[in-house]
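Dear colleague,

Please find below the structure that I promised to pass on to you, and after it my notes on what came out of the analysis.

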Amino acid sequence: MQHGIYLDNAATTKMREEVLQEMLPFFCGNYANPAAIYSPAGAVKKAVGTARERTAAMIGAKPGEIYFTAGGSESDNWAIRAVAKGAADKGRHIITSKIEHHAVLHTCEYLERQGCEVTYLDVDSDGLISPEAVEKAIRPDTILISLMAANNEIGTLEPVARIGEIARKRGVLFHTDAVQAYGHVPLNVETMHIDLLSASGHKLNGPKGVGLLYCRENLRLHPLIFGGAQERGRRAGTLNVPGIVGFGKAAQLAKETMRERSEKETALRDYLIDRVLAEIPHTTLNGHRRERLSNNANFCFRFIEGESLLILLDQQGIWGSGGSACTSGATEPSHVLSAIGMSREDARGSLRLTLSEETTKEELSYVAEKLKEIVGRLRGMALWPSPPAR
Ligand SMILES: *Cc1c(COP(=O)(O)O)cnc(C)c1O
C-alpha cells in the first residue's frame, strides 16, 4: 500500500509479519490435507490444533468448542440460523439490537421471512444496550439473544457480562458478535455466560477470510455447510490451513499484547478526541466517551458532508471511513447512527477514525491539523445552513 496514515482498522487491519511467517510453510511446503492419513498430514493437523488452542485461550474456551469458519459474517449467520433451526420446537423468538452488524441483522430479517419473530432493541444516545430492556424482552418462546460485544462504527462496549447473566438465569441462549472485541478487550465465555461467539482473523492483525464460531460444548450445533466430516461434522470443507494457522498466531500475539496495546491506544485516542473537540467547533463524539474500544474515535462535524471530507482527507494521505453509505443513488445514514438518534444531516457529517498499535502521536497531530483545515474549508463553501457564530 502507498504511504499514508491508515485509520480504518475497524474495517480491516494490517497482518503482522510474525503471522505471515507462521503461515508460509503451509502454502508450498507442507500443503497436505490435515484429514489425510500419511505422515506429512500429521504436522498440518498439529498446527491446526495449536491454532484451535490459541484462539480458544483468548476467550477461556476449550479447543473443542472452536469451529473455524470463513470469517465473522459466516459465524454470525451460522450461530443465529443454527439456533433458530435447532430450537424451533421450543420457540421462534429472537432478541437482537438495532446497532448490530448487517451479518446479524440481515440473518434475522431472513429468519423473519421464515416465520421467526425478532425484537430489535433500541439503544441509548451513546449506543448502549440496556440489560433491563433485554430482560423485559424475554418471552416464553425466546430462543436466542444475539447482541454484539463492541460496536464496529461507534466503538461502544456493551454490557456483555450482565446480558449473559440474564440470559443464563432465564434459560435463553446468548450469542455475541465479538468481531470487534476479540483480541482487543478481555472476554471470557465462562464468567460472561456466553454460549456462542463470533470472531474474525482480519480484525486482529491476522489474515482475511478466516474466523471462528465458539459454541458451548453441550450444545448441538446445527451445520450450515454440508459435505464432509471436517470440524466434527459441523462445518464441511477442507480446512483453510494457512488462514487458520495465521489466525491462531494473531490471537496468541493479541492476547500477549492486549493490555499494553490498549493502554497505548487509549492514550492516543483520547489525545485525538480532546484535540478535535477542542479545536473544531460544532463537533461531537459519537459513541460512549469511556465505554468504548481503545482504538475508536467517531466524530460528527455538523454542517459538512462526510463524503467530501473523506475525499479531501485522502488527498492528504489520511484514510478513514464515513457514517453513511450510498444505497441505490441516495446517501443513507448508517443504521447505527440513526439508532443513536442522529439526524440524517448529522450522520452525513460523521467520520470514523480507528487506530492501530502502530499509530503515532505525530500522525494524529497531523490529522487533527488537517481536519481543522478541511472542515473549516468545507463549511466555508457549504450549501448547508451556515453554522451559527460561536
Ligand atoms: C467486520 C465485522 C464483521 C464481519 O466480519 P468478516 O470477517 O469481515 O466477515 C461482523 N461483525 C462485526 C462487528 C464486524 O466488525
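Two strands are taken to pair if DSSP finds at least two bridges between them, and helices (H or I, at least four residues) and strands (E, at least two) are DSSP runs, numbered from the N terminus. This is a predicted model, in which local features need pLDDT of at least 70 and side-chain atom pairs count only at pLDDT 80 or more, whereas totals for chains, interfaces and linings use all residues. Residues are numbered from 1 along each chain as its sequence is written, and side-chain values use heavy atoms, with hydrogens and water left out.

Strand 3 (residues 93-97) pairs with strand 4 (residues 117-121) in the parallel sense, over 5 bridges, and H93 stands opposite E117 in strand 4.

Among the polar contacts (pairs of N or O atoms within 3.5 Å), an oxygen atom of the ligand lies 2.6 Å from a side-chain N or O atom of S200, and one is 2.8 Å from a polar backbone atom of G72. The protein buries 87% of the 380 Å² that the ligand exposes when taken alone (accessible areas by the Shrake-Rupley method with a 1.4 Å probe).

Best regards

Terms used:
A polar contact is a pair of N or O atoms within 3.5 Å; within protein, one must be able to donate a hydrogen and the other to accept it, and residues adjacent in sequence count only if both atoms are side-chain atoms.
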